[in-house]
Amino acid sequence: MREGERAGSAAVGIGPRSRVRVRVPATSANLGPGFDTLGMALSLFNYFDVELAAEGCWVEATGEAAERVPLNADNLVIRAAQAVWKRAGMPPTGWRVRVEAQIPFGRGLGSSASAIVGGAVAANVLAGEPLGAGELLRIAAELEGHADNVTPALFGGFTVVAQGCPGEHAGDIRWVRLAARGLVAVVAVPELQLPTQQSRRILPRQVSLQDAVFNMSRACLLVAALATGDTRALAAAMEDRLHQPYRAALVPGFTQVVQAARDAGAVGAVLSGAGPAVLALAAEGGPIEAIGDAMAEAFQAAGVPARWLALDLDDGGAQVETPDGFRAVGGSRCI
Ligand code: HSE
């Protein structure tokens, strides 16, 4: 376990250059009770080839929802790259970006966080790595609006993040990252996109003290269970009253999909991020296929075709390609 520091080293042992390839993992945020706080990196990746150009912005995209990726300066990769470039005090430049997307788009699996982290990391490398990992996280969280996806996207593992902490900069970020071992994520991905803004608009502005305590107790239990490897408490620890009961109305079959996963042997199942994908956690060697099939069938029964993916938890986070292979950016280590 490692506590995040404001200016951790982002060094990956390579000097300034004019092009770079970065890979960033998918993420699942909230994990039930940890709304805007908890997140987990998953072994499914988007790849970003970023190159400096004399001027202008060019984007090419292949893979998942390539037709929906903005091919201009509105692209999140470019917006993040420009934000880092500016923060680093670099002179104006143009950008060429190629995206190879494996992460499903608009399903709650961190596709936008991957683009932001990919652009931020790439620009930092191209600028000669002037910014530390903490600064990259702050810029990424500002662009995303919350930090629970961008933190595991950058550092990998299972992360707890708090924004608005006292520190040198207004609204500093503190995070702790740990490895969650012995678990497999089974993710049901429905053929349905749910914009995060829509999924946040439906949430109440205020909650009762009773519901706040309910979630706080589960979130703490979840972190303690994953930190100690004692997964017996996970089923209870993945309950939530802050967002899922409201968002269930936006995801046909949500309650049945969660129940189907549990009945098939998952230790717990929750809405992945803002949805609509559903994430089940299973013990390694558990009935992965039965869980995946049961979740996909429950979505199907609610009238929504769905596929499922079995994903390991990713420990590496954002990585930069070097002549010797991919190297982690965050410099964080798991216990
Ligand atoms: N915590 C966020 C939410 C994750 O649930 O809205 C989605 O980006």
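Mentor: Start with the largest pocket, which has a volume of about 980 Å³. A pocket is, on a 1 Å grid over the protein atoms alone, an open set of points where a 1.4 Å probe fits, with protein on both sides within 12 Å along at least five of seven lines; lining residues have an atom within 4 Å of a point. Points are joined across faces, edges and corners, and the volume is the space filled by probe spheres set on them. This is a predicted model, in which local features need pLDDT of at least 70, side-chain atom pairs count only at pLDDT 80 or more, and totals for chains, interfaces and linings use all residues. Residues are numbered from 1 along each chain as its sequence is written, and side-chain values use heavy atoms, with hydrogens and water left out.

Trainee: What is the average pLDDT of the protein?
Mentor: pLDDT is the predictor's confidence in each residue, from 0 to 100. The protein averages 90, and 92% of the residues score at least 70. Residues 1–15 fall below 50, yet this stretch has 49 contacts (heavy atoms within 4.5 Å) beyond near neighbours in sequence.

Trainee: Which residues lie nearest the centre of the largest pocket?
Mentor: L76, F105, S112, E144 and T196, out of 42 lining residues. Helices (H or I, at least four residues) and strands (E, at least two) are DSSP runs numbered from the N terminus; helix 2 gives the most to the lining, four residues. By type, the lining has 19 nonpolar, 14 polar and nine charged residues; Ala, Val, Leu, Ile, Met, Phe, Trp, Tyr, Cys and Pro count as nonpolar, Asp, Glu, Lys and Arg as charged, and the others, Gly among them, as polar.

Trainee: Where does the largest pocket lie relative to the domains?
Mentor: Domain bounds come from an automatic or database domain assignment. Domain 1 (6–178 + 316–328) and domain 2 (183–312) both contribute lining residues, so the pocket lies between them. Their C-alpha centres are 25 Å apart, and 26 residues of domain 1 contact 39 of domain 2.

Trainee: Is G119 buried or exposed?
Mentor: Buried means under 20% relative accessible area, exposed over 50%, partly exposed in between (1.4 Å probe, protein chains only). G119 has 0% relative accessibility and therefore counts as buried. G119 sits in helix 2 and touches V77, A80 and A81, not counting residues up to four places away in sequence.

Trainee: What is the relative accessible area of L250?
Mentor: L250 has 21%, so this residue is partly exposed. L250 is in the loop between helix 8 (244–247) and helix 9 (254–263).
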